[in-house]
Amino acid sequence: MSRWQDAIDAAGKLPEYMIVDGQRQSGSRAERIEVYDPGSGLSLGSVPVATIDEVDEAVQAAKRALTGPWSVLSPKDRGRMLWSIGERIRENVERLALIETLDCGKTLQDSTITVERAVDYFSYYAGIVDKLEGTTIPLGDSKVCFTERVPVGVTGHIVPWNVPISTFARGIAPTLACGNTAVVKPAEDTPLTAILLAELMQEAGLPPGVVNVVTGYGANTGQALTEHPEVRHITFTGSMNTGKAVMTAAASHVASVTLELGGKSPHLVLKDADLDRAVPDVLKGVFKNAGQICSAGTRLLVERPVHAELVSRLVDGANAYVLGHGLENPDMGPLISARQLQSVAGFAERARERGLSFCAGGNPVTVETCEGGNFFEPSIVDNVSSDDELAQSEIFGPILSVIPVNDLDHAIEVANDTAYGLAAGVHTLDVSQAMRFAKAVEAGQVFINGYHGGSDAVPFGGMKDSGIGREKGLTGLDAYSQIKAVTISM
Ligand code: NAD
């Protein structure tokens, strides 16, 4: 265990405060949230639980900042500021990745990629700030009409625990690009990198109050932020039920919402697929981040002629996975918390009670040297029917449900047979089959012959119960600006 304590010590002093109006705040409540390393169970310290008044202070700071030095930066200078923030993060990739791994358990390699992804969001949107053009609308000779994009005001950002740093950046970079100010509430399990990013932004020159971070639980701090009448847009990433609560809160003061919710995404392998390519892709598509990815390909739809061979190869692959502490770069790290481990184990237990059996994994597991960690085996259940809980509910853990299908039409029917519509993938060498699937599947993003093949420039979001709106890319700017139309009568 002491090696994990040594790693925690090597990360340096971890933040135990919030950032409001550019100041560190330790919060007025005696109650604090203890933060743990999910790989070892060791404590990383604690953060405050912001009260309604403290959330209000953060929103008021963001509101004041809307008319401060931030508001008079030229678009070019605002772009330069975003670029500098990206560079400041880049200078700290190693430390941020270490802390992200300690905070949420993902492998160090994955953490490094997500910190670099955070840099990418800032550099991508940095280049756009001075290109946010409006339009002119022809109204005849006696009038001139033009539109411009103006900020929406203070935006609220509620972040989950599974990819904390890049989820923070994918909302904050475009909202700043559009000239807004923001208040962020990170997940209670993983608040650390959000606090550090807010400080790095100030070091890069961002004026105080432009980005504030309040810590706390969803039901008090999160709700106070979403109900705050001065918050004009809320970007929420999290579970479907919380998303509905956020939308209700936003409705009380007519704020707009972006909801990035859960998924139960289908990954289809047709009989002509290149299995050498499909096997690692299916495994990575579902087991990356221990299955705690909203767009994970958790339902494998496989055409019957290749069903037996594919499952056998996937089982071999899953059984070869090495589990361990994220800092050791294993194939798979721990789940975020004991609570999440219990939830995933519950899905497995209930599946067994319904008569399903696991052809790989299916159990919590203790990993040597990580006895306090929350590990669950990479798991595969074959011949799951489309109406089973394992095919319908988001598990958010490393369980793959295999559903054999007769042909492409059957696959499309099964693919669309859930409340969700976040992502989908298909492996085939036949471009017509791939495109028929891509057109028919109800999903915000479709991956052909390479799951999770997107980037910071590709719009991301869900259909049906997976959410409203899109983040990333140029489309991601729409939520953070509003159109003002000016008509001049001559
Ligand atoms: P969650 O809904 O429990 O919590 C998400 C965030 O909402 C946390 O910060 C939490 O404190 C806050 N929250 C909880 N109740 C709230 C309330 N009443 N008002 C305001 N805020 C509240 O979700 P989670 O368990 O942390 O994250 C996992 C979920 O997130 C999964 O469903 C996953 O699919 C989804 N997710 C979606 C995306 C996406 O981009 N679509 C990305 C990552 C995770």
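Predicted model: local features only at pLDDT ≥ 70, side-chain atom pairs only at ≥ 80, totals over all residues.

Modeller: Residues are numbered from 1 along each chain as its sequence is written, and side-chain values use heavy atoms, with hydrogens and water left out.

Biologist: Which residues come nearest to the ligand?

Modeller: A residue is near a molecule if one of its heavy atoms lies within 4 Å of it. Here there are 27 residues around the ligand, and Val159, Arg170, Glu188, Ser239 and Glu394 come nearest. By class, this shell has 13 nonpolar, nine polar and five charged residues, where Ala, Val, Leu, Ile, Met, Phe, Trp, Tyr, Cys and Pro count as nonpolar, Asp, Glu, Lys and Arg as charged, and the others, Gly among them, as polar.

Biologist: What lies 2.5 Å from an oxygen atom of the ligand?

Modeller: A polar side-chain atom of Glu394 lies at that distance from a ligand oxygen, and for Glu188 a polar side-chain atom lies 2.6 Å from an oxygen atom of the ligand. With Val159 it is a backbone N or O atom that lies 2.8 Å from a ligand oxygen. Taken alone, the ligand exposes 850 Å², of which the protein buries 88%; such areas come from the Shrake-Rupley method with a 1.4 Å probe.

Biologist: Why does the ligand lie between the two domains?

Modeller: Domain bounds come from an automatic or database domain assignment. Domain 1 (2-261) and domain 2 (266-455) both give residues to the shell around the ligand, so the ligand lies between them.

Biologist: How many cavities of 30 Å³ or more does a search of the whole structure find?

Modeller: On a 1 Å grid over the protein atoms alone, a cavity is a set of points where a 1.4 Å probe fits but cannot get out, whereas a pocket is an open set with protein on both sides within 12 Å along at least five of seven lines, and lining residues have an atom within 4 Å of a point. The search finds three such cavities. The largest cavity holds about 60 Å³ of space, and among its 15 lining residues Pro266, Tyr420, Gly421, Leu422 and Glu442 are the closest to its centre.

Biologist: Which residues lie nearest the centre of the second largest pocket?

Modeller: Thr107, Asp110, Lys288, Pro330 and Asp331 do, out of 20 residues that line this pocket, in which about 280 Å³ of space lies.

Terms used. Polar contact = N/O pair within 3.5 Å; in protein donor to acceptor, adjacent residues only side chain to side chain. Points joined across faces, edges and corners; volume = space filled by probe spheres on them.
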